[in-house]
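Here is a friendly tour of one protein chain. Keep the sequence and the model open side by side as you read.

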Amino acid sequence: MTYNEAVEDFILYISSYCSPATLEYYRVNLDFFSNYLFSKYGNLDFDVSLLSRIDYISYISYQRNRKVKNTSVRTYARSVKAFLRYLYNESIILENPTKNVKLPRSDKRIVIPLSSGDVENLDLQLKSTVFPLRNLCIFHLMLDCGLRLGEVIDLNNSDIDFCNSYITIKNSKCNKSRLVPLPPNLSCYIKRYISRERLANSCDNLILNSSCEPISKNSIEMLFSRLKTPTLNVYPHLLRHTFATSFILGGGSLEVLRVLLGHSSYNVTQEYLHIANYVGVANIDIYKIDECMFRAYNYRS
């Protein structure tokens with residue numbers, strides 16, 4: 001089997017369970033690996049069984065020598081690792097090239113969550129946009145519910161239960177679904193958006209663009225690129241950071257936070273504990289999320 005054929009088989013295999021976004025992640029990162037191998041072998045039609053531990057280690061070293069961040073190197077290497085392990089598990093190669101290969105540690109950067117003043121300032125900016133109610137919904141779905149950007153894009157009208165005050169997040173990352181409480185203020189924004197800006201439309205997606213089609217990732221990122229605060233660079237995932245940090249500082253448990261954020265394990269959730277610790281020590285005032293989040297999964301309240 002040639003290398004090119006092996007890549008095609010791997011992509012077909014993971015397409016049975018990966019989301020389109022995850023599939024694209026693998027395609028892009030395996031393209032980087034393919035370009036590296038092409039420069040080494042001169043073509044990509046070589047026998048894939050020739051791939052070895054040295055190829056994997058050399059590729060990691062090559063990325064590090066490009067002076068990219070360790071976090072990026074780990075991203076490049078993880079997708080290749082999954083591909084090589086697939087080849088090993090399918091007995092296409094006889095030895096696991098990734099065994100005992102260490103990756104560089106992730107870059108630790110300080111993330112400062114949004115303060116109450118920051119949110120007030122950003123709300124005013126959003127209210128002056130062409131579609132203020134829609135943009136406020138986008139912003140506060142991430143900030144007050146901890147939704148990912150992709151989850152906001154995929155949200156449907158039928159996913160909002162106004163009577164019982166919760167949102168259903170369907171088939172998100174790793175094909176997981178979950179329920180998230182709907183804060184009263186956000187509920188009001190969504191109702192007003194539906195009645196005033198969105199109006200009747202056959203499209204089930206909640207958040208639409210000016211052409212009444214589902215909004216794109218690029219459109220939301222462009223919206224955020226125009227938002228300014230005196231000290232912070234505002235980007236979509238910062239709102240999720242703020243939600244998680246506020247939840248921990250408000251006394252919420254890591255297990256409930258893990259469920260609310262849709263994490264499959266504690267490894268990612270615990271990173272927010274680190275952020276909350278230095279925010280608490282520095283006595284930084286951050287935005288406070290609605291009390292309904294702290295009643296989630298607490299049946300005694």
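## Overall build

The chain holds 12 helices and three strands; helices (H or I, at least four residues) and strands (E, at least two) are DSSP runs, numbered from the N terminus. This is a predicted model, in which local features need pLDDT of at least 70 and side-chain atom pairs count only at pLDDT 80 or more, while totals for chains, interfaces and linings use all residues. Residues are numbered from 1 along each chain as its sequence is written, and side-chain values use heavy atoms, with hydrogens and water left out.

Along its principal axes, the C-alpha trace spans about 60 × 50 × 40 Å. Of the 301 residues, 45% are buried; buried means under 20% relative accessible area, exposed over 50%, and partly exposed in between (1.4 Å probe, protein chains only). Take the contacts (heavy atoms within 4.5 Å) between residues at least 6 apart in sequence: 65% of them join residues at least 24 apart.

## Where two helices cross

Helix α1 (residues 3–14) packs against α4 at an angle of about 100 degrees, and their axes are 10 Å apart. The two helices are therefore roughly perpendicular, a label for angles of 65 to 115 degrees. Axes here are lines fitted to C-alpha atoms, for helices over the stretch in contact, and angles run from 0 to 180 degrees between N-to-C directions.

On the α1 side, the contact is made by Tyr3, Ala6, Val7, Asp9, Phe10 and Tyr13. Helix α4 contributes Ala82, Phe83, Tyr86 and Leu87.

## A proline in a loop

Is Pro113 buried or exposed? Pro113 counts as buried because its relative accessibility is 2%. Look for this residue in the loop between α4 (70–89) and α5 (116–127).

Leaving aside residues up to four places away in sequence, Pro113 touches Asp118, Leu232, Leu238, Thr242, Thr245, Ile275, Val279 and Ile286. Ile11 is 102 residues from Pro113 along the chain, and the C-alpha atoms of the two are separated by 37 Å.

## Two positive phi angles

Asn100 is not a glycine, yet has a positive phi of about 65 degrees. Asn100 sits in the loop between α4 and α5 and is exposed, with a relative accessible area of 66%.

Ser165, also a residue other than glycine, has a positive phi near 60 degrees. Its place is the loop between β1 (160–161) and β2 (166–169). With 35% relative accessibility, Ser165 counts as partly exposed.

Technical notes: Parallel < 35°, antiparallel > 145°, perpendicular 65-115°, else oblique.
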